Amino acid sequence: MSGRLRGCGVGALPALLLLLLGPPATPGITCPTPTSVKHADIWVKSYKLNSRERYVCNSGFKRKAGTSSLTECVFNKTVNIAHWTTPNLKCISAYQYNPRAVTAAISTSVAVLCGVCVVCLLVRYVRYIRSRQAYQIPSVEMESMEVVPMTGGTDARGEGTENEPHDLGGSRGRRGQQKPQ
């Protein structure tokens with residue numbers, strides 16, 4: 001192998017290094033202003049070839065996952081123009097609407113509110129029951145009418161009713177008369 005390397009000559013070494021390191025930067029060639037990205041800004045430190053810069057999402061926005069904020073100044077040999085690589089950055093609202101999160105928040109709020117209402121109703125009910133027990137008038141038991149004998153007195157017309165039979169039948173005309181026994 002050493003014979004082959006000797007055969008290449010010393011002049012091949014700089015050419016090999018140039019191929020490995022890439023083409024030399026073209027002096028004086030710079031990139032124009034980078035393209036704008038919606039809801040993002042960029043502050044360019046250098047417009048020289050191979051410069052790398054980052055876009056920054058504006059306040060209230062964040063970088064969408066899977067997108068890159070990086071752009072690079074490159075030289076297109078086909079058209080002989082320097083340009084910035086196209087960024088795929090997407091800045092989305094930091095306050096993104098998430099229906100599941102809203103539903104969970106509402107469900108939790110409603111559940112807590114219902115729980116508080118139930119507790120309040122139970123407390124009021126217990127207080128009501130205790131207040132009824134504290135101010136309850138002692139009950140008076142009614143004596144059975146069958147056990148207490150009827151005592152004499154007067155009826156609405158002032159006539160005596162003591163020991164008079166009560167005619168519950170149909171003999172209305174004989175009021176006050178005694179029936180034969």
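The protein has an accessible surface of about 16200 Å², and carbon and sulfur atoms hold 59% of that area (Shrake-Rupley method, 1.4 Å probe; for residues, only the protein chains shown count as cover). The model is predicted: local features need pLDDT of at least 70 and side-chain atom pairs pLDDT 80 or more, while totals for chains, interfaces and linings use all residues. Residues are numbered from 1 along each chain as its sequence is written, and side-chain values use heavy atoms, with hydrogens and water left out.

Three helices and six strands make up the secondary structure, in the order α-α-β-β-β-β-β-β-α. These are DSSP runs numbered from the N terminus, with helices (H or I) of at least four residues and strands (E) of at least two. Of the 181 residues, 10% are buried; buried means under 20% relative accessible area, exposed over 50%, and partly exposed in between, with a 1.4 Å probe and protein chains only.

Two disulfides are counted, a disulfide being a pair of cysteine sulfur atoms within 2.5 Å. One joins C31 to C73, with an S to S distance of 1.9 Å. The torsion about its S-S bond is about 95°, so this disulfide is right-handed. C31 sits in the loop between α2 and β1 and C73 in strand β4, 42 residues apart. Both ends are buried, C31 at 5% relative accessible area and C73 at 0%.

The other disulfide is formed by C57 and C91, whose sulfur atoms are 2.1 Å apart. Here the torsion is about -80°, so the bond is left-handed. C57 is in strand β2 and C91 in strand β6, so the pair ties together parts 34 residues apart in sequence. In sequence order, the bonded cysteines pair 1-3, 2-4.

C57 and C91 also belong to the largest nonpolar core, with V37, A40, Y55 and L89. Such a core is a set of buried Ala, Val, Leu, Ile, Met, Phe, Trp, Tyr and Cys residues joined through side-chain atoms within 4.5 Å. A second, separate core of five residues includes C31, C73, A82 and W84.

W84 is buried at 8% relative accessible area, whereas Y47 is partly exposed at 35%.
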